[in-house]
Amino acid sequence: MSAAQRYRYVHDYPFWKVANVNQLSSLLAQMVEVADSKKDYHTQIALSYYLALIGNNVGFKFPKGKPASIFGELEEMQKIAIQQGYEAEALIAAASLTNSLYLGQRISSEQYYVDIQTSLEQLQELGFEKCRDYNIASILFDFSKSLWDLGDFDKAYLYLRIAERYIEPTIEGGFHYTQVLSYLQTYWKNKKEYSKSMIYAKRILAFHQNFHSDIPEHKYWSEFWLNFASIDIASLLLDQGKIKEGEIYASKGFQLIKSRLSLDTVVSKQAEFDALMVLIPVKLKLKKINEVAPLLKLANNIKTSLEPNGKLDYFKPLRLYKYSSEYYEKVGGYAEALRYTHLAQMLQDSLNRRNDAQKLSQMQLRYEVEKYANHVKAIESEKQLQKYLRNAIILILLLVLGLVYVNHQRLRHKHREQESELETAQKELAWQTNHFRNMSELIENLRQENEKLNASDNQHEHFEKLISSTILTDEGWTNFKRMFEKVHPGYMQSVKEKYPDLTNAELRLLMLEKLDLSTQEMANMIGVNKNTIHQTRLRLRKKTLDRN
């Protein structure tokens, strides 16, 4: 079996049919063992979801190595889903965990409404269709019901309509199918849109007329709703003034209770009372007074049996009192009619106070929810701002580091170029200096040879010109000065600034001395005798001493 087949097998398995909790525990343990051994993360996530759903069953044992709690299973499901990149499963786990924490009274109503709405908005953005495997209708219904209890009926309606797209008329999905349609029916009934409400009531009736199950609890539940839907349809017909048709459905619902439900149970008695509260006004409107009396008597008997144990809603007798008052007025029992009118008025006043208090409580809760939502939003905005600031700082640092790096590389390149130029200049200056020394030595040898010739009266005119010539010509001097400035940058400039009255000859002498040339070498290079060099040096020394 492939991973995809295992995942599909888990979701398609009818866990609800396994009545024995020990068998269910063993079955899920085997599935978990296989998924773990295969490192099948998608199937592990699915199993965590079903373990969380089934974990509340009395006597259920969680597999070894599992968190052994609904909250732990959902947290593990969310963790694995996030790690493995299953976005839909991660959001389903978050929504289911929020719902479980709220039902377990571990988080406040305010936090629940904000967190579950955030999860559902994220699921809606992702696409509810991607969450079909995880009974998205259940999550949508639970949140819709919470909004309904909060008094936010229009918002609850929006989510109920979304849930309607995913409910299924099956045995397994029957509960949420019925509940979603029932709330939608009530929504339109409260809006006095009876035709729209009727559509949903008839869908519920049709579903339970075709519902077949061998499980006793399922059969009893379906028969209850069969009666309830018939009574609702009768009530809607009555509201529309269709009394005759309403009588048919009301009588059918009443007979269903008496024939299919055990009248010894509290639920059946409550259902019978509700059916009578629809059937009696129908008989009154049709003026079938003789049929009303036994129905009122039966309703009062049920009320008497249920009230002491608190099994009848405190305000349900209100309609009984109103119908009793109307009946006695029609038969001339004015004293009884007045008594029931008085009872109905007191209960109505109490109901109005209860409703006002409930509305106030809902308004207060909605205010607290909104306040909490704004608080969470402010925190998120602050976090987002901090994130933007952090990212901006990081970006600025990166830009600065980038600029520093680029500038460093540019400086390094420039430094290498300067080093290369300096090295070239040093080599050229050294070569020129060495060349000047060689030329100076040659000239000195020629001078000595000339002196020998003078002594023998064999002096040659061209030989004399060669000896007295300048090694460092104007063009050579220009090139020499350029090389010198590269090797000793700023040297001549600082000398000129410190001693501005130095002549060009004196500046030349300073440059030649910087190269550690001898007096004779300097004289030969410039084309003067040694005395001229000595005199220039003396003038230079005097000027520098005077300046200092």
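The following questions and answers cover aromatic pairs, charges over rings and one annotated segment in a predicted model.

Residues are numbered from 1 along each chain as its sequence is written. In this predicted model local features need pLDDT of at least 70 and side-chain atom pairs pLDDT 80 or more, while totals for chains, interfaces and linings use all residues, and side-chain values use heavy atoms, without hydrogens and water.

Me: How many aromatic pairs does the structure hold?
Reply: Rings of Phe, Tyr and Trp (its six-membered ring) pair if their centres lie within 6.5 Å; planes under 30 degrees apart are stacked, over 60 edge-to-face and the rest tilted. The number of aromatic pairs in the structure is 27.

Me: Why is the pair of Y49 and Y50 classed as it is?
Reply: The ring centres are 5.2 Å apart. The planes stand at 80°, so the pair is edge-to-face.

Me: Is F207 buried or exposed?
Reply: Buried means under 20% relative accessible area, exposed over 50%, and partly exposed in between (1.4 Å probe, protein chains only). The relative accessibility of F207 is 9%, so F207 counts as buried.

Me: Which residue lies over the face of W188?
Reply: A charge sits over a ring if NZ of Lys or CZ of Arg is within 6 Å of the ring centre and within 35 degrees of the ring normal. At 4.3 Å from the ring centre of W188 lies K196.

Me: How far apart are the end C-alpha atoms of residues 388-406?
Reply: Over residues 388-406 the chain is 100% helix and 0% strand, where helices (H or I, at least four residues) and strands (E, at least two) are DSSP runs numbered from the N terminus. The end C-alpha atoms are separated by 26 Å.
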